[in-house]
Protein chains: 2
Amino acid sequence: MSSRRPKSYHHGSLRQALIDRGTHLLDEQGVTHFSLREVAKAAGVSHGAPYRHFSDRNALLEAIAAQGFANLEAACKAAVAAHPNAPRAQLMMAGRAYIEFALAHPGVLHIMFGGGVSPDSTGPVFQQAAASAFAHLVGIIENGRQTGLYREESAENLTVAAWSMAHGLSLLLSAGPLRGLQRDSAQLEALIASASESLLSGMVTRN
Amino acid sequence: MSSRRPKSYHHGSLRQALIDRGTHLLDEQGVTHFSLREVAKAAGVSHGAPYRHFSDRNALLEAIAAQGFANLEAACKAAVAAHPNAPRAQLMMAGRAYIEFALAHPGVLHIMFGGGVSPDSTGPVFQQAAASAFAHLVGIIENGRQTGLYREESAENLTVAAWSMAHGLSLLLSAGPLRGLQRDSAQLEALIASASESLLSGMVTRN
DNA sequence: GCTTCATGTAGACATCGTCTACACTCGAGT
DNA sequence: ACTCGAGTGTAGACGATGTCTACATGAAGC
């Protein structure tokens with residue numbers, strides 16, 4: 001199992017343990033059934049211990065979301081790095097990484113984008129993490145623009161279009177009405193390929 | 001205000017009142033802070049009264065989601081009806097209606113697509129409502145296919161692409177990192193127009 | 001070895017979802 | 001008109017939860 005310190009009064013790395021266990025429970029049960037006390041129990045500490053590391057339930061959720069953003073961005077970065085000088089493949093693979101992340105971590109993705117958290121109080125953690133991820137996506141698009149791949153349009157607008165497609169498809173597949181397709185990998189592949197084709201065809205220069 | 005029966009022991013139409021008040025609170029505060037007791041109080045009844053009409057909290061959420069699906073589908077239908085024999089405009093206006101619904105009812109949209117509800121137990125209400133909405137979207141696409149508007153591709157796959165784009169953009173705008181753009185209607189318009197252009201260009205036949 | 005401070009524990013409280021026992025009202029059948 | 005039963009709303013209780021406060025523990029520095 002993961003790091004379990006059997007007898008120590010002090011946990012040693014409780015903050016990270018809470019984030020890890022919390023991530024697991026969140027993906028397993030959804031935001032609604034996400035309980036601070038249950039996370040504490042899973043980490044082997046009392047129900048009050050988390051308050052030494054997070055001001056409240058929302059703060060832990062924010063930390064989980066922040067780590068989710070970091071992981072998602074890393075996955076996209078890896079996808080880009082694997083296809084240097086191929087901006088079209090970069091975008092497709094980044095989108096695929098996005099979808100894979102969504103299928104692996106539906107609960108985390110949900111709170112990353114404002115699900116279940118109070119509508120107004122989304123702290124600076126979200127702002128910064130989302131801004132960073134967005135900036136990275138814009139970079140991918142810029143790569144393609146410099147080689148003349150895309151049509152005349154601002155990189156920001158193209159980015160939003162690509163992001164919307166990836167995000168929407170991810171949610172429809174991970175928690176929405178298309179959830180059933182997760183099992184049928186062949187149909188899933190065809191769907192992703194078709195959506196990618198529709199999006200990319202619309203973004204590239206016509207000729 | 002809405003129907004308020006001042007002195008009657010029996011409310012008369014509590015079920016619908018709970019759905020209405022619940023919808024309002026849901027959009028106002030998000031799923032996490034959605035409280036059955038608060039809805040009951042808003043409807044002017046005791047905290048146990050809702051259980052005469054809904055088996056539990058989830059059942060009320062499902063009913064709210066079902067009404068949301070009905071409203072969304074009606075809005076899309078109206079958009080389609082306003083542009084007969086113009087399948088491209090139909091799709092664009094349906095997408096716009098989708099986004100407007102999302103901005104008006106962020107909380108409802110969230111639970112409509114599995115947010116906050118337990119991951120496995122999404123009842124038949126969801127299945128049927130979502131299937132109906134999907135069928136309607138497929139119909140819009142079919143309209144365009146019959147006039148040769150779209151490229152060679154199954155209507156289902158094209159529908160999923162369009163749905164993903166609309167859904168993703170809606171969520172990014174209503175509860176996600178693009179929330180700030182709700183205020184700037186000019187930029188919002190440009191964004192929607194650009195995303196629509198990217199999507200539709202990729203769906204129509206190349207020439 | 002003692003102090004100090006970060007970290008974990010235990011208990012309390014309000015609120016929430018849910019259950020159960022009871023109260024009120026309306027309408028059907030006499 | 002009376003009864004009575006089903007439908008609907010109320011009141012109180014319970015366990016679970018988020019959060020606060022007071023206390024316990026143990027590691028680090030003097």
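**Exercise 1. Work out what span helix α3 (residues 57-81) of chain B should have, and which of its residues are buried.**

Solution. Start with the length: at 1.5 Å a residue, the 25 residues of α3 in chain B should span 36 Å, and the end C-alpha atoms are 36 Å apart, so the two agree. The expected span here is 1.5 Å times one less than the number of residues. Helices are DSSP runs (H or I, at least four residues) and strands are DSSP runs too (E, at least two), numbered from the N terminus.

A word on the model: it is predicted, so local features need pLDDT of at least 70 and side-chain atom pairs count only at pLDDT 80 or more, while totals for chains, interfaces and linings use all residues. Residues are numbered from 1 along each chain as its sequence is written, and chains are lettered from A and ligands numbered from 1 in the order in which they are written.

Next, burial. A residue is buried if 20 or more other C-beta atoms lie within 10 Å of its own, exposed if 12 or fewer, and partly exposed in between, with C-beta atoms placed from the backbone. The buried residues of α3(B) include L60(B), L61(B), I64(B), G68(B), F69(B) and L72(B). Finally, ask what they pack against: the partners are α1 (14-29), α2 (36-42), α4 (87-104), α5 (106-112) and α6 of chain B.

**Exercise 2. Describe the fold of chain A and its helix α7.**

Solution. Count the elements: chain A has eight helices and zero strands. Its C-alpha atoms fill a box of roughly 70 × 35 × 35 Å along the principal axes, and 45% of its 207 residues count as buried.

Now look at helix α7 (residues 155-174) of chain A. Its 20 residues should span 28 Å at 1.5 Å a residue, and its end C-alpha atoms are 28 Å apart, which agrees. Of these 20 residues, 17 are buried.

Leaving aside neighbours within four places in sequence, A94(A) is in contact with C76(A), A79(A), V80(A) and I140(A). Contact is counted when the C-beta atoms of two residues, placed from the backbone, lie within 7 Å.

**Exercise 3. Find how chains A and B are related and how they meet.**

Solution. Superpose first, by least squares on the C-alpha atoms of residues with pLDDT of at least 70 in both copies.

Then turn to the contact, which takes 41 residues from chain B and 40 residues from chain A. On the chain B side, α7(B) gives the largest share, 13 residues. Of the interface residues of chain B, 98% are also interface residues in chain A, so the copies meet through the same surface.

**Exercise 4. Identify the residues closest to each DNA strand.**

Solution. Take DNA strand D: among the 21 residues that surround it, the closest are D56(A), R57(A), H11(B), S46(B) and G48(B). Near means that the C-beta atom, placed from the backbone, lies within 6 Å of the strand. Helix α2 (residues 36-43) of chain A gives the most to this surface, with three residues.

Repeat for DNA strand C: of the 20 residues around it, H11(A), V45(A), S46(A), G48(A) and D56(B) come nearest. Here α2(B) gives the most, with three residues.
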